[in-house]
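Please look over the sequence and the model below.

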Amino acid sequence: MICINLLPRIAPNISTNHIDSISSKSQLNPFHIPNPSKSHPSQSPNPPSIQNGLRELRQRIETVKNTQKVTEATKLVAAAKVRRAQEAVVNGRPFAQTLAEVLLEINEQCQLDDVETPLTAVRPVKRVALIVITGDRGLCGGFNSSILKKANSRVSELNDLKLDCTLISVGKKGNAYYRRRPNSNVDRFIEGDFRFPSTKEAQVIADDVFSLFLTEEVDRVELLYSKFVSLIKSSPTIDTLLPLSHDVDDKNDVFRLTTNKGKLSVERENGKLLKKNDGYNKCYEFEQDPAQILDALMPLYLNSQILRALQESYASELAARMNAMSNATDNAVDLRRSLSVAYNRERQAKITGELLEIVAGAEALRER
């Protein structure tokens, strides 16, 4: 009671409401002046977004700081790898698309000569094989979820058309997703060390596709992957592998990751890799049997198309991870700043309350 009566003498220029606002922030201030209008919890003002003690705030700041280091390191690693992956995509597109164009022309010539091969035969579609290529790791935003959503949509479309669909899952994330769903008709789960796609991994998938199509277990093979458009965009794409089709994509806008004065920058290159026929059909003369030529080129075609899809998916995954980790780092910086402000306010309120206690005690001793 003595200390409460001495407060107006200690600080006559400080209003009662101000003292109440200061003392309410401190846990150690015994000179809290109760306010009847604010005693009921339902009538109290809205609390701040961050309400913790000093120790909890310090722990949260340290945790966010460590998380920021991890996200920033992951971003830098992805940025270092994405350039090599992008170069592989850009260098692999001309060969894969030109080979597909040549095979289409040879196949058309063979059809004119009434030559049929098992890999180019067009049959009534009753069963479709869908190759789904996902990533092996997470921390890449909605990259894997967009691929799986596209796959589920495609399976629903085929089921609506009364067609059976079998899946070939490539990638740890897709395999884990379909293993949790036993109702999915998955023919094979393929996992590998896809640190950088090579012909070895593509050959494993191509062999499975060969066996399914030649034994007529499936009548069409489709490839679902994420096409690399730019460092900030990738689009899930479905291509038909078998039988040969005219769905050749000639849009090849390339966004290259470069450096400008020590900072990352993006350059755009626009061009078409495929050359259209100049109003005439090419005529081929075969020294060997055309069926033998197609049988020899079809494995190369499948391998190149699957390898290109793996490279596109890998580059898209790295770009998505780089963007996701960049956003996570920015969010960590903002959260750390907010926590630091809350920590400083809490610390200042505690120090102010302790100073009021010391001054009040000194005045009480002086009055005696």
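How many of the 7 residues of β2 are buried? The count is 6, and β2 is mostly covered. Keep in mind that this is a predicted model.

## Strand β2 and its neighbours

Strand β2 runs over residues 164–170 and includes Ser169. It pairs with strand β1, residues 127–133, in the parallel sense. That pairing has 7 bridges. Within it, Ile131 stands opposite Ile168 of β2. Strand β3, residues 186–190, also pairs with β2 in the parallel sense, here over 4 bridges. Leu167 has Val186 of β3 as its bridge partner.

Helices link these strands. From β2 the chain passes through helix α5, residues 172–179, to β3. This β-α-β crossover is right-handed as well.

## Ser169 in its setting

Is Ser169 buried or exposed? Its relative accessible area is 1%. The cut-off for buried is under 20%, so Ser169 counts as buried.

Its side chain still has a polar partner: the side chain of Asn175, at 2.5 Å. Asn175 is also on the list of residues that Ser169 touches beyond four places in sequence. Others on that list include Val132, Tyr178, Val186, Arg188 and Phe189.

## Salt bridges

Side chains of opposite charge can pair when their charged atoms come close. The model has 12 salt bridges. One of them joins Arg127 and Asp164, with the closest N and O atoms 3.9 Å apart. Arg127 belongs to β1 and Asp164 to β2, so this pair ties together parts 37 residues apart in sequence. Arg127 is partly exposed, at 25% relative accessibility. Asp164 is partly exposed too, at 45%.

A second pair is Glu222 with Arg154, where the closest N and O atoms are 2.6 Å apart. Glu222 sits in strand β4, residues 220–230, and Arg154 in helix α4, so the link spans parts 68 residues apart in sequence. Both partners fall below the 20% cut-off for buried, so both count as buried: Glu222 at 2% relative accessibility and Arg154 at 17%.

Glu363 and Arg366 form a salt bridge with closest N and O atoms 3.3 Å apart. They lie 3 residues apart in helix α7, residues 290–367, which is about one turn of the helix. Arg366 is exposed, at 62% relative accessibility. There is also a network: Arg93, Asp239, Arg308 and Glu312 are linked by salt bridges.

## Nonpolar cores

The largest nonpolar core holds 35 residues. Which residues have the most contacts inside it? They are Ile131, Val221, Leu241, Leu242 and Tyr301. The elements that give two or more residues to this core include α3, β1, β2, α6, β4, β5 and α7. Helix α7 gives the most, with 8 residues.

Beyond four places in sequence, its contacts include Ile168, Val170, Ile205, Val209, Val221 and Leu241. Glu222, the salt-bridge partner of Arg154, is also among the residues Ile131 touches. A second, separate core has 15 residues, among them Val128, Leu130, Ala151 and Val186. Val186 is also the bridge partner of Leu167 and a contact of Ser169.

## Backbone spots to check

Where is the cis peptide bond? It joins Leu242 and Pro243, with omega about -10°. Pro243 is in the loop between β5 and β6. Leu242 is one of the residues with the most contacts inside the largest core.

Two residues other than glycine have a positive phi. Leu139 has a phi of about 60°. It lies in the loop between β1 and α4 and is exposed, at 53% relative accessible area. Lys162 has a phi near 65°. Its place is the loop between α4 and β2. Lys162 is exposed as well, at 75% relative accessibility.

Terms used: Residues are numbered from 1 along each chain as its sequence is written. This is a predicted model: local features need pLDDT of at least 70, side-chain atom pairs count only at pLDDT 80 or more; totals for chains, interfaces and linings use all residues. Side-chain values use heavy atoms; hydrogens and water are left out. Buried means under 20% relative accessible area, exposed over 50%, partly exposed in between (1.4 Å probe, protein chains only). A polar contact is a pair of N or O atoms within 3.5 Å; within protein, one must be able to donate a hydrogen and the other to accept it, and residues adjacent in sequence count only if both atoms are side-chain atoms. Contact means heavy atoms within 4.5 Å. Two strands pair if DSSP finds at least two bridges between them. A crossover is right-handed if, with the strands pointing away from the viewer, the path from the first strand over the helix to the second runs clockwise. A salt bridge is a side-chain nitrogen of Lys or Arg within 4 Å of a carboxyl oxygen of Asp or Glu. A nonpolar core is a set of buried Ala, Val, Leu, Ile, Met, Phe, Trp, Tyr and Cys residues joined through side-chain atoms within 4.5 Å.
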